[in-house]
Amino acid sequence: MGNLDGKIALVTGGNRGIGRGIVEALHREGATVTLTARAPKAAAPAPKEVRDFDQVRRVFGDVGRESGGLDILVNNAGVGLFAPVADTSPEDWRTVIETNLNGPFYCSHEAIPLMRKRGGGYIFNISSLAGKNPFVNGAAYNASKFGLNGFSEALMMEVRYDGIRVSYLMPGSVNTEFGRGSAAKQGWALQPEDVGEVVLDLLRSPSRALYSRVAMRPSQPPKK
Ligand SMILES: NC(=O)c1ccc[n+]([C@@H]2O[C@H](COP(=O)([O-])OP(=O)(O)OC[C@H]3O[C@@H](n4cnc5c(N)ncnc54)[C@H](OP(=O)(O)O)[C@@H]3O)[C@@H](O)[C@H]2O)c1
């Protein structure tokens with residue numbers, strides 16, 4: 001018997017990387033998990049774009065009809081495009097902001113009524129240390145994650161009395177295919193399952209406790 005038997009979860013970008021680590025952790029504890037991704041894969045037969053509000057509404061509508069509500073939402077889908085502002089096209093800017101910031105808004109917008117039906121829930125927003133530490137060539141990504149942190153804190157204060165907890169996680173380097181590839185960070189980097197474990201820890205925490213902002217780093221990155 002898992003701790004999450006009977007719980008309904010949705011993880012955006014759950015087909016690979018960090019999202020997959022979280023899906024596997026939730027599944028192991030007994031949750032029923034729906035995932036979204038752009039690419040049609042075996043586990044996700046049709047593209048489910050978090051940038052497209054109509055697609056998001058359809059996905060949450062299906063979950064509501066099939067499961068009667070939602071207990072856990074993980075806003076994980078994200079992209080990283082890193083370039084100087086003068087070389088960033090408006091299309092690239094939109095891709096980053098629409099995926100990393102509009103997506104969590106669209107999904108939360110649809111999830112909250114489904115969580116209220118269940119008497120509460122938990123929303124996780126996968127941000128980044130880039131949500132508090134700006135870096136050169138990171139303007140679009142930094143803006144999206146700083147924005148996501150602000151969104152998370154405001155949402156947390158808004159829905160807490162509905163029994164809905166909101167946490168945002170700020171991982172450092174995680175070993176995935178994100179951004180410019182993983183070759184440089186193998187070995188010492190966090191693994192997707194490490195983020196999955198943090199999600200489980202937060203779900204297990206007493207309901208009176210709310211860990212709003214969680215930073216996590218590789219314990220031994222290369223010395224500078
Ligand atoms: N890796 C790191 O070092 C790191 C550190 C801190 C924070 N993060 C954050 O963690 C999250 C996951 O990153 P990751 O490292 O696991 O990256 P990843 O391996 O590149 O996976 C990204 C996931 O997001 C999905 N996705 C992208 N755009 C989407 C869209 N428009 N609609 C639906 N799904 C979309 C992808 O789906 P497809 O397979 O269909 O493309 C994929 O499942 C991101 O928010 C990222 O900012 C990553």
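**Strands and helices**

Q: Which residue in strand 3 is the bridge partner of Leu10?
A: In strand 3, Leu10 has Leu73 as its bridge partner. Strand 3 covers residues 72-75 and runs parallel to strand 1, with 3 bridges joining the two. (Strands pair if DSSP finds at least two bridges between them; helices, H or I with at least four residues, and strands, E with at least two, are DSSP runs numbered from the N terminus.)

Q: What kind of model is this?
A: It is a predicted model, where local features need pLDDT of at least 70, side-chain atom pairs count only at pLDDT 80 or more, and totals for chains, interfaces and linings use all residues. Residues are numbered from 1 along each chain as its sequence is written, and side-chain values use heavy atoms, with hydrogens and water left out.

Q: Back to strand 1. Which other strand does it pair with over 5 bridges?
A: Strand 2, residues 32-36, in the parallel sense. In that pairing, Val11 stands opposite Leu35.

Q: Which residues are on each side?
A: Ile8, Leu10 and Thr12 are on one side, Ala9 and Val11 on the other, and all are buried.

Q: New topic: helices. At what angle do helix 2 and helix 3 cross?
A: At roughly 25°, with the axes of helix 2 (residues 53-67) and helix 3 (residues 90-117) coming within 9 Å. That makes the two helices roughly parallel. (Under 35 degrees counts as roughly parallel, over 145 as roughly antiparallel, 65 to 115 as roughly perpendicular, the rest as oblique; axes are fitted to C-alpha atoms over the stretch in contact, and angles run from 0 to 180 degrees between N-to-C directions.)

Q: Which residues meet there?
A: Helix 2 brings Phe53, Val56, Arg57, Phe60 and Gly64, and helix 3 brings Tyr106, Cys107, His109, Glu110, Ala111 and Leu114.

Q: And helix 1 with helix 5, what's the angle?
A: Roughly 45°, and their axes come within 7 Å. Helix 1 and helix 5 are therefore oblique to each other. Residues that meet include Gly17, Ile18 and Gly21 in helix 1 and Pro192, Glu193 and Val195 in helix 5.

Q: Last one: Asn149, buried or exposed?
A: Asn149 is buried, with a relative accessible area of 6%. Asn149 sits in helix 4, residues 139-159.

Q: What is Asn149 in contact with?
A: Leaving aside neighbours within four places in sequence, Asn149 is in contact (heavy atoms within 4.5 Å) with Ser127, Gly131, Lys132, Tyr168 and Met170.

Note on methods: Buried means under 20% relative accessible area, exposed over 50%, partly exposed in between (1.4 Å probe, protein chains only).
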